[in-house]
Amino acid sequence: METVNRLLDSIKDVGRDAVRGGYSRAVYTTPELDLRQWFIEQAQQRGLDVEADRNGITWAWWGKPRDGALVTGSHLDSVPGGGAFDGPLGVASALAAVDLLKSRGVEPRRSLAVTVFPEEEGSRFGVACLGSRLLTGAIDVDKARNLRDADGNTFADVAQANGLDPRHVGPDTAALARIGDFVELHVEQGRGLGDQGPAIAVGSSILGHGRWKLSVGGQGNHAGTTLMADRADPMVAAAQIVVAVRDTAAKQPDARATVGRLTPVPGGTNVIASRVDLWLDARHPDDAVTAQLIEAIYGAAREIAAGEGCTVSLTEESYSNTVHFDPALSRRIGELLPGAPVLATGAGHDAGVLAGHVPSAMLFVRNPSGISHSPEEYVADEDASAGAVALADVLEGLL
Ligand SMILES: [Zn+2]
């Protein structure tokens, strides 16, 4: 068994979700903390020096921490009921690549670090890539501190309970200066790589994407005593808004819009809700079109809400412009991986957040299921091994 497969095998029981299937490894929960500990031990076994920065990003250094280092890594947290590869594949491949470089006798000309970014999925605090956004200043620090999880805990409190000083989270120019080039290997999240041919692709761009919260307000009341004609039921409005989201996006070529989460308040079977919160994820390659799409959805939502005697408000929770990876770095990587196709992705990544500040690039490993954020996500052992070798080839060429 190759190292990357062995590493993934060693964490296959961490954070299994018996209800949803797959894995639930939300940031700063026991499974995610267990995975961090696993990473630290694996890094130390390889003689790497491990440190955590003030935003909770873990760095494992081969060589002294220095500015302009070559940095690779990904994340260990997951969406609820996620697959085994989204995140951990990049981390395990980075560790395996270090082994390969050592076995090849590579003498790095600059330092190399393997990093693990926290809360990449945003599945606990609602903002994806929270660690890299804090590092780069892409999120307002006060906003970040006040983000709440589903139980009402603030990010500040959870961070503090996990050894961070919430007063010191935020932009870290010294840590950012350490990154000379960033390369993230990741499972491909669509069917961009065919069953035949190369298993590894070089990333070109990340589709612009964002998250919005729609809050539909109505009149909370008794399900038995309130006549149908007397209701202002935000659940009925929310149901129509979900359909309007689908229909609005379907009219716009290349747009994607999803309501994947909806919370009625108070949420009782015999209670007409007083409020329903819906979370909207929308994406399009052209940021101006995304803005128009959100405007159109909000317009439809206002009309629907008014028709039900309800109100609706829209709040942007996060937005990332379409990102094009560093052309020079991607070209160099293309030379190091001859024959590798070039792929754009519709999924967000820490590499996309970092790309606005340091040269960044991505490698994608074939996922024949074409499914991600689900237990059916899949990478064959031989493709994972090929990914680790490709990453080692890239790192060797860039070191
Ligand atoms: Zn990921």
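Author: Happy to! Taken over C-alpha atoms, the centres of domain 1 and domain 2 are 32 Å apart. Domain 1 covers 4-207 + 322-398 and domain 2 covers 209-320, with bounds that come from an automatic or database domain assignment. Before going on, please note that this is a predicted model, in which local features need pLDDT of at least 70 and side-chain atom pairs count only at pLDDT 80 or more, while totals for chains, interfaces and linings use all residues. Residues are numbered from 1 along each chain as its sequence is written, and side-chain values use heavy atoms, with hydrogens and water left out.

At the meeting place, 13 residues of domain 1 are in contact with 13 residues of domain 2 (heavy atoms within 4.5 Å). Between them the domains bury about 1,000 Å², with 38% of it on carbon and sulfur atoms; buried area is the accessible area (1.4 Å probe) that two parts lose on being put together, summed over both. On the domain 1 side, R133, L207 and T322 lose the most area to domain 2, together 53% of what that side buries.

What about polar links? The rule finds nine residue pairs in polar contact across this interface, both residues at pLDDT 80 or more. A polar contact is a pair of N or O atoms within 3.5 Å; within protein, one must be able to donate a hydrogen and the other to accept it, and residues adjacent in sequence count only if both atoms are side-chain atoms. Salt bridges across the interface number zero (a side-chain nitrogen of Lys or Arg within 4 Å of a carboxyl oxygen of Asp or Glu).
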